[in-house]
Amino acid sequence: MGKKSRRKKEIGLVSSKIKKSRPDDYFRYGPLEVARFGKTMLMRNRMSQEQSEVIQAKLIEHLPDVVREIDSIFSQIALKISQLQPGELLKLGYWEAARHHIGIQSEIEVKQEGMVSLRMIDYVQSVVASVPPAETIHAEITDQEWLERRSLVESLFMKLNGEFFLCQAALKRKEPQFNSDLEDFFYKAQVYWCNIRGQRYQVHNIPFLKDFLTPHDDVLKELYGIGTAELLDGLQKIQDSQIFGIGDLFKDFQSFQTDLTAELESRSVSTTLDTGDDSSPFIEEIIREREWSGRRASVAARFSEMALHDVERLTNWPRSLLEDLAWSQGEDKDFFSEGEYRGWPLREWPIRKRPFLKANGQYLTFPPKTRPLAGKLACAEMGLTGGAHDQETTHGGTDHCGAQGRPSGYRDPRILPQARHFGFHLLISGDEMRLKSMRRSSATWKTKTGD
């Protein structure tokens with residue numbers, strides 16, 4: 001066999017071994033193609049340069065309409081939220097978020113409704129902190145009122161994530177010094193800022209804050225009368241309440257119900273135990289004899305009142321500390337102030353500055369922080385040092401700080417302010433409190449000396 005014949009035979013053998021693979025799923029919409037090969041997803045854009053330019057022009061033309069629509073949606077949100085009792089509204093949000101996240105093992109399992117449920121806590125709390133209450137407050141929150149406000153919040157974030165960022169990017173492409181890499185960073189930074197809260201998984205919070213706050217133990221004791229140990233113990237109790245509170249509540253409720261039913265059966269009382277039938281004379285007699293009034297009150301307080309969210313009750317922290325870490329309704333003046341992006345999630349959320357809400361004399365906490373999805377994506381963000389980085393912590397978490405500075409096209413310095421965490425809030429509040437104390441002392445000294 002000659003050399004050419006052997007070569008043809010080898011090529012034929014190789015070709016016979018190569019199998020043409022067909023995608024398991026295929027979808028096409030105009031110039032966009034999506035194919036799935038097992039776990040691998042491939043996307044291809046067959047759009048021509050001319051088609052791309054036409055779409056970019058339409059996005060630029062659509063931008064003013066998107067801005068007006070978002071402004072209109074936020075105005076409706078602010079008005080409708082101001083008409084409701086903030087504590088009850090956020091408690092509803094907390095229970096809905098819990099319903100959507102119980103049993104979730106990975107972020108990818110969270111559906112659209114689950115993500116909206118988180119915004120019904122943290123974004124709504126930010127609106128409550130920024131907007132004064134209406135003259136008339138509804139006594140109860142109906143299902144229709146809840147769904148109406150939930151729909152508005154969902155529309156706001158859908159409009160922002162699905163339209164505004166694309167239109168904004170199309171406009172920037174017309175700038176003479178447009179940088180695609182910088183725009184890619186800027187786009188991701190804005191998306192993360194609007195949709196992700198928290199710097200690390202909750203299991204790493206306490207170890208991180210212990211390292212961060214321990215050097216300031218003397219300052220904490222001077223300002224608030226408690227040290228790092230008491231502070232972290234309170235944070236642990238808040239975290240436990242947010243993570244395990246609902247599970248513990250149902251366990252206690254079922255235990256109380258089982259014990260009460262057993263007592264009724266032992267007394268041959270032929271009555272059906274109803275969760276709301278605590279007015280039955282038999283039940284009242286058993287509760288009084290067995291001294292179970294505390295158990296019943298504890299279950300009722302967590303079900304229908306604010307026991308799961310009452311920071312003072314959970315932590316026993318001093319009022320001075322709680323005042324520095326909580327907003328009253330309408331107290332924040334920045335988020336809702338006049339100017340570009342008024343009330344938009346692109347501004348610094350009040351909840352990022354003070355995590356708690358003061359309502360009806362109670363200091364309340366609601367949000368289970370969004371897990372740091374940024375840790376799953378390939379994007380470095382600007383940290384407090386002003387440099388692009390992903391800072392790996394010693395506790396196995398990843399700090400994803402908001403962007404600092406003003407990238408190209410940055411129109412509002414408040415859009416992406418530097419990120420803060422609880423310890424940062426605490427030290428800033430402490431500095432402000434110390435300055436106030438110094439000013440008061442200085443004024444008193446001048447009054448006494450006549451200077």
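Q: How many salt bridges does the structure hold?
A: The structure holds 29 salt bridges, where a salt bridge is a side-chain nitrogen of Lys or Arg within 4 Å of a carboxyl oxygen of Asp or Glu. This is a predicted model, in which local features need pLDDT of at least 70 and side-chain atom pairs count only at pLDDT 80 or more, while totals for chains, interfaces and linings use all residues. Residues are numbered from 1 along each chain as its sequence is written, and side-chain values use heavy atoms, with hydrogens and water left out.

Q: Which side chain meets Glu-33 in a salt bridge?
A: The partner is Arg-46, and the N to O distance of the pair is 2.7 Å. Glu-33 lies in strand β2 (residues 32–37) and Arg-46 in the loop between β3 (40–45) and α2 (49–81), so the pair ties together parts that are 13 residues apart in sequence. Helices (H or I, at least four residues) and strands (E, at least two) are DSSP runs, numbered from the N terminus.

Q: Is Glu-33 buried or exposed?
A: Glu-33 counts as buried at 7% relative accessibility, whereas Arg-46 is partly exposed, with a relative accessible area of 46%. Buried means under 20% relative accessible area, exposed means over 50%, and partly exposed is in between (1.4 Å probe, protein chains only).

Q: And what about Lys-91 and Glu-88?
A: Their side chains also meet in a salt bridge, at 3.6 Å from N to O. Lys-91 and Glu-88 are three residues apart in helix α3 (residues 86–101), which means that about one helical turn separates them. Lys-91 is buried, with a relative accessible area of 9%, while Glu-88 counts as partly exposed at 32%.

Q: Where do Asp-334 and Lys-353 lie?
A: The side chains of Asp-334 and Lys-353 meet in a salt bridge of 3.3 Å, N to O. Asp-334 lies in the loop between β4 and α14 (350–353), and Lys-353 lies in helix α14, so this pair ties together parts that are 19 residues apart in sequence. Asp-334 counts as partly exposed at 44% relative accessibility, and Lys-353 counts as buried at 15%.

Q: Which residues are joined into one network?
A: Arg-28, Glu-33, Arg-44 and Arg-46 are joined by salt bridges that share partners.

Q: Changing topic, what order do the strands of the open sheet take?
A: Three strands form this open sheet in the order β4-β5-β6, with mixed pairing; two strands pair if DSSP finds at least two bridges between them. The edge strands, β4 (326–328) and β6 (362–364), each pair on one side only.

Q: How many bridges join β5 to β6?
A: Three bridges join strand β5 (residues 356–359) to β6, and the two run antiparallel. In this pairing Lys-358 stands opposite Tyr-363 in β6.

Q: How many disulfides are there?
A: The count comes to zero disulfides, a disulfide being a pair of cysteine sulfur atoms within 2.5 Å. Cys-167 is buried, with a relative accessible area of 1%, and Cys-194 is buried, with a relative accessible area of 1%.
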